[in-house]
Amino acid sequence: MSTQKVSEQKQATTSIARGPFRGLNLAVTTVACVLVGIWMVLGGLWTETANRVLTAARSAVGPTLEWYYVVLVTFLLAVIIWLATGRYRNVRLGRDDERPEFGLPSWIAMLFAAGTGVGLIFWSIAEPVSHLQGNPFTSTTGTPEAAVAAMRLTFFHWGLHGWAIFATVALILAYFSYRKGLPLTIRSALYPLFGNRIHGWVGNVADSLSVFGTVFGVATTLGLGATQMNTGLNQLIGLEVSLSHQLIIIAVVTCLATLSVVSGVRRGVRWLSIGNLWLSVFLLSFFLLFGPTAYLLNFLVQSTGSYVQHLPEMSLWTNVTGDSGWQQDWTVFYWGWWLAWAPFVGMFIARISRGRTLSEFVFGVLLVPTLFSFVWIGLFGGSAIHNELFGTGGIASAVQNDVTLALYRTIEVISADWITTGASALATLLIATYFITSADSGTLVITTILAEGNPEPPILPRVIWGLGVGTLTGILLAGGGVPTLQSAVVMAGIPFSIVILMMVAGLIKALRMEEFGPRQPLKSRLSREPWTGRDEQTWG
């Protein structure tokens, strides 16, 4: 578009012009603060009331979400596969002649890092062990057949469907930012549907809902991390597992993340991310080398095959004949969590994927983190299941009492004392580093959206939102622990689910303006980029 139109659109925004909040969208910031503030006040002053409200709301919409979330996430997987294999697969996330900003090894390594986190550590043992004790897909419990079904269901919740949500958001953000010249924020994807109105109330609503979902997604992850760290410190130094200690952990991590913002030690946080990668490799090596190696490898391969075989069935299973609550406790929770977390991870992936074609982007984002998650869950969860089937047992009962004990009980039954202590310390350190980087990066994404895509938002808003997310995490944890965190993120994912459907509609409409090459059987010459030589296409 012309420079005049760009100027007119920028003038149409309501960004703050001066002061420490310069560049933030006033309307989006106000709405986001009010929405989050209401829950902070309600949870802080009337904790039991807030917990009852969340529980009642989740129960009321639960039956609807059992089919809505299932259909939505399966639809997103179908869309993302179509983009990778259809007529637009060679469209580039950038100019037609632009090459990837990062080389393939570096890009794969960063995607590898994106596939891990507090949530994967928290559930990689607890979930398959829970499913081993009973699930709707098998009539037996505690058997080798039930073990494969348990691992298959865990793969389903951490596999292609979840990463399809992240890939969809990331691809759309990257497409409209790098190819169409729009800001790297949610509202940009709505331009084909609403035009310049994205700079008004339409865009403000989309960005506000995105911030709201992201806040609760980050808060849920931080809450899980705090409970897991408390258990780890209890195993290592005898620190009592209590709400007060968990709140202290949240406060310390929030302060460390805030300190990294105000001191400008961004390089230190990046080194922490690299450290996470190596700590993950060391911990995986521990389970592979000191655990039942042959069983783990066989179990991983067989469970992966079972996942592929049953994928269509699981993709559309809605619990129509059951009333156990399993679907709401697991699948609905996970899809709500992935949706609420999508703006955070999606923006990270978009930032590192400039210059990729849609095809290589989708296959990289879908396959690399999914395969890594399978290996992680297969080694961690497989070790626990092997102990339940052929060893001394006890992990299942620990999970029933406290899910945070699953990781440390599994480490205990694998090795000798000195190795157990080292592995437990390594696991706790890994949780701590993920905890800090998640808190720091989460506030960056929130304030980037508030700043209309500015990758370097002002420091003071980041500090305020960092402290706010930490406070909200403590309130939700005090209000009922892990169940309250789960209810909050399930509800927070609903508004963004509507936004993501509109983003997909905007992308499809925009892609219709793209040229595309002939289908494979009709080619009569060597492949080339069909867009080479055209002027770059930019929007508003």
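The model is a predicted one. Its largest nonpolar core has 166 residues. The structure also holds nine salt bridges. A nonpolar surface patch of about 350 Å² is present as well.

**The nonpolar core**

- In soluble globular proteins, nonpolar side chains tend to be buried together.
- Within the largest nonpolar core here, Trp123 and Leu407 have the most contacts.
- Helix α13, residues 326-351, gives this core its largest share, 17 residues.
- Trp123 touches Trp330, Phe333, Tyr334 and Trp337, among others.
- Other contacts of Trp123 include Pro128, Trp158, Leu224 and Gln486. Residues up to four places away in sequence are not counted here.

**Helix α18**

- Helix α18 runs over residues 459-478, which makes 20 residues.
- From first C-alpha to last, α18 reaches 29 Å. That is close to the 28 Å expected at 1.5 Å a residue.
- Most of α18 is covered, with 14 of its 20 residues buried.

- Side chains of opposite charge can pair when their charged atoms come close.
- Asp96 and Arg179 form a salt bridge through their side chains, at 2.7 Å from N to O. Asp96 lies in the loop between α3 (47-85) and α4 (104-114), and Arg179 lies in helix α7 (residues 160-179), so this pair ties together parts that are 83 residues apart in sequence.
- Both Asp96 and Arg179 are buried.
- Arg95 and Asp97 also meet in a salt bridge, at 3.5 Å from N to O. Asp97 counts as exposed at 53%.
- Arg95 and Asp97 belong to a network of salt bridges that also links Glu98 and Arg354.
- Arg409 and Glu412 meet in a salt bridge at 3.4 Å, N to O. These two residues are three apart in helix α16 (residues 406-414), so about one helical turn separates Arg409 from Glu412.
- Arg409 is partly exposed at 27% relative accessible area. Glu412 is partly exposed too, at 37%.

- Ile248, Val252, Leu256 and Leu259 make the patch of about 350 Å².
- Ile248 lies in helix α10, which spans residues 243-263.
- Ile248 has 48% relative accessibility, so it counts as partly exposed.

Definitions and conventions: Residues numbered from 1 in each chain as written. Predicted model: local features only at pLDDT ≥ 70, side-chain atom pairs only at ≥ 80, totals over all residues. Heavy atoms only, no water. Patch = residues over 30% accessible without salt bridge, like charges linked within 9 Å, V, L, I, M, F, W, Y side chains within 5 Å. Areas by Shrake-Rupley, 256 points an atom, 1.4 Å probe, with all protein chains shown as cover. Salt bridge = Lys/Arg side-chain N within 4 Å of Asp/Glu carboxyl O. Helix = DSSP H or I, 4+ residues; strand = E, 2+ residues; numbered from the N terminus. Buried < 20%, exposed > 50% of the residue type's maximum accessible area, 1.4 Å probe, protein only. Core = buried A, V, L, I, M, F, W, Y, C linked by side-chain atoms within 4.5 Å. Contact = heavy atoms within 4.5 Å. Expected span 1.5 Å × (residues − 1).
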